[in-house]
Amino acid sequence: MFDIMNATLKFFSTVVLSLFLLSSCIDSDIDPVGYGDAFIFVEIVDQDTLTGLGLHAFSYSEFTSVNVRLSGDDTKNYVLQPYLGYKQDFTWSTPIAEYSKTLPAAGDYIFEATFRGGQSHTFFDKLYSTLVYPPKILKAEFVSAGEKVEVEWQKVSNADSYNVKLLNSEGNILFVSPVFNRSTDFYSFSKNTNGWQSSSYPTAGQTVVVEVASYLLEPGTNQNELQSIGKSRQQITWGN
C-alpha cells in the first residue's frame, strides 16, 4: 500500500503553510512558533472501515525535534520525523499494517518542539472522534479522445473539500489537483493541466493509480486544521 502521510502532506501541508504565510508577518527577532495538527486517516479495506492517526507539526523556523503526547494518557507518545527532509515539517503516522477498526484516541495532543536555535515551544491540537469516509469512485479512466483522465466520485455528506492525485505503482505522486469545494464530484486532467509534479509523464500502457481524498476540517477552527482524511484509490491504464 502507499505511503499515505507522504501523499497527503505533499498536498495539504503546502496549503496550510501558505494560509499561515499569507495571514502572518514573519519577524526573525521573535521566538519561533509552531503549529500542530492531529487527524484521522480513514480507508475501507475488504468492506472494513480502518483508521490510523496522523500528526503534523509545522513552523516558519526549523525544528530539531518534535515529540507529541496525549494529555492524560502516558502510553500515547510519538516521535515525529522531518517530512522528506524538510526541517519545518515534522510528521508521524500509524503504519498501514497497524490500521484498526478502533479509532485513534480523541483528546488534546500536546506538541513539544525544540527549534534549531535551542528554543522550546509547546502547542496543542484537539482531536475529535468525527470521521470523513472515503469518497466512492464512480469513474476513473483514461479517455483517448482528448487524452485525459476523467474522475467522478460520490460526494461524502460531511466532507469540506476534495482533491485528486495520480500516483505511480511505487506510490510516488505524479499529479495533484487543486482543492475542490464540497459540491464538486467530477474532475478531468491531461498532460497540459497544471499540477504535474515532474517533467515526465506516464507512458502508454503504464498502470497508474487515481486517488480521491475527502477532507474534514476541525469544528470551530479558522479552517486550517484537519480532523479527518478519507482516501479511495483505483488503478487505471494510461494511454491506449
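Tutor: Let's start with a definition: a salt bridge is a side-chain nitrogen of Lys or Arg within 4 Å of a carboxyl oxygen of Asp or Glu. Keep in mind that this is a predicted model.

Student: How many salt bridges does that rule give here?

Tutor: The count comes to 13. One of them links arginine 116 with glutamate 62, where the closest N and O atoms are 3.4 Å apart. Arginine 116 sits in the loop between β7 and β8, and glutamate 62 in the loop between β2 and β3, so the pair ties together parts 54 residues apart in sequence.

Student: Is arginine 116 buried or exposed?

Tutor: Check the relative accessible area: over 50% is exposed and under 20% is buried. Arginine 116 has 63%, so it counts as exposed. Glutamate 62, at 32%, is partly exposed.

Student: What about glutamate 211 and arginine 233, how far apart are their closest N and O atoms?

Tutor: Those atoms are 3.0 Å apart, and the two residues form a salt bridge. Glutamate 211 is in strand β15 and arginine 233 in strand β16, so this pair joins parts 22 residues apart in sequence. Salt bridges with shared partners also link Glu43, Lys165, Glu211, Lys231 and Arg233 into one network.

Student: Okay, now strands. In which sense do β1 and β2 pair?

Tutor: Strands pair if there are at least two bridges between them. β1 and β2 pair in the antiparallel sense, over twelve bridges. Aspartate 37, for instance, has histidine 56 in β2 as its bridge partner. β2 also pairs with β6 in the antiparallel sense, over five bridges.

Student: Why is β2 largely enclosed by the rest of the structure?

Tutor: Because ten of its twelve residues are buried.

Notes
Residues numbered from 1 in each chain as written. Predicted model: local features only at pLDDT ≥ 70, side-chain atom pairs only at ≥ 80, totals over all residues. Heavy atoms only, no water. Buried < 20%, exposed > 50% of the residue type's maximum accessible area, 1.4 Å probe, protein only. Helix = DSSP H or I, 4+ residues; strand = E, 2+ residues; numbered from the N terminus.
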